[in-house]
Amino acid sequence: MTHDDDDDDEARPRAIDGVCRYITPTGMAATRRELSALLYEERPQIVEIVSWAAGNGDRSENGDYLYGKRRLREIDRRVRFLTRRIEKAIVVDPAAQTQRNRVFFGATVTYVTEEDQERTVVIVGVDEADLAVGQVSLASPIARALLGGHVGDEVRVMTPSGADLIEIMAISYPEPVGMNAL
């Protein structure tokens with residue numbers, strides 16, 4: 001094995017057991033809100049529309065009926081998905097992290113690329129990632145490369161253009177509830 005092969009092994013992301021199950025308390029609350037809205041707001045409205053449309057005669061050409069039935073199937077599929085996610089979820093509160101000098105789930109990490117571009121990301125669950133606001137999935141290559149790192153560590157992250165070296169500049173976590181009162 002050559003030295004280059006060793007570099008590739010270091011750049012290869014670490015596997016994380018149950019990665020799809022981790023979620024922050026905020027992500028869990030959003031998932032529960034979505035499920036509730038589907039079950040108690042949108043679905044009853046669509047059922048009412050379908051019932052009304054069914055009473056209008058020929059269902060084969062009734063757009064309200066056909067769209068409503070299709071939307072009900074979509075809602076029911078999403079409800080099953082969300083219900084399974086909630087049942088299997090592992091809620092991890094980043095504020096409870098005790099090792100705040102290392103990168104773990106829920107960390108806010110500032111890093112610098114080889115091109116001296118500074119970026120800040122928050123490592124969150126797969127279902128709550130939103131790159132537009134700097135939230136990256138725990139399963140993403142950047143999060144997997146950062147996990148376990150300390151400030152000052154240089155880590156390799158695999159990108160579509162190959163391995164890039166980045167340096168961890170800062171790590172932070174939300175403050176635990178009640179700490180401000182001290």
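**Terms and values**

Tutor: Leaving aside residues up to four places away in sequence, Gln 117 touches Tyr 111 and Val 112; a contact means heavy atoms within 4.5 Å. The model is predicted, so local features need pLDDT of at least 70 and side-chain atom pairs count only at pLDDT 80 or more, while totals for chains, interfaces and linings use all residues. Residues are numbered from 1 along each chain as its sequence is written, and side-chain values use heavy atoms, with hydrogens and water left out.

Student: Where is Gln 117 found?

Tutor: Gln 117 is in the loop between strand E3 (108-112) and strand E4 (118-124). Helices (H or I, at least four residues) and strands (E, at least two) are DSSP runs, numbered from the N terminus.

Student: Why is Gln 117 called partly exposed?

Tutor: Buried means under 20% relative accessible area, exposed over 50%, and partly exposed in between, with a 1.4 Å probe and protein chains only. Gln 117 has a relative accessible area of 37%, so Gln 117 is partly exposed.

Student: Why does Ser 140 count as buried?

Tutor: Its relative accessibility is 15%, and therefore Ser 140 counts as buried. Ser 140 lies in the loop between strand E5 (135-137) and helix H4 (141-146).

Student: What does the side chain of Ser 140 reach?

Tutor: The side chain of Ser 140 reaches the backbone oxygen of Ser 137 at 2.7 Å.

Student: What joins the side chains of Gln 117 and Arg 119?

Tutor: A polar contact of 2.7 Å joins them. The term covers a pair of N or O atoms within 3.5 Å; within protein, one must be able to donate a hydrogen and the other to accept it, and residues adjacent in sequence count only if both atoms are side-chain atoms.

Student: How do you know that the span of helix H3 agrees with its number of residues?

Tutor: The expected span is 1.5 Å times one less than the number of residues. For the 26 residues of H3 (residues 63-88) that should be 38 Å, and the end C-alpha atoms are 38 Å apart, so the two agree.

Student: What makes H2 roughly antiparallel to H3?

Tutor: H2 and H3 pack at an angle of about 155°, with their axes 9 Å apart. That angle makes H2 roughly antiparallel to H3, because angles over 145 degrees count as roughly antiparallel, under 35 as roughly parallel, 65 to 115 as roughly perpendicular and the rest as oblique. Axes are lines fitted to C-alpha atoms, for helices over the stretch in contact, and angles run from 0 to 180 degrees between N-to-C directions.
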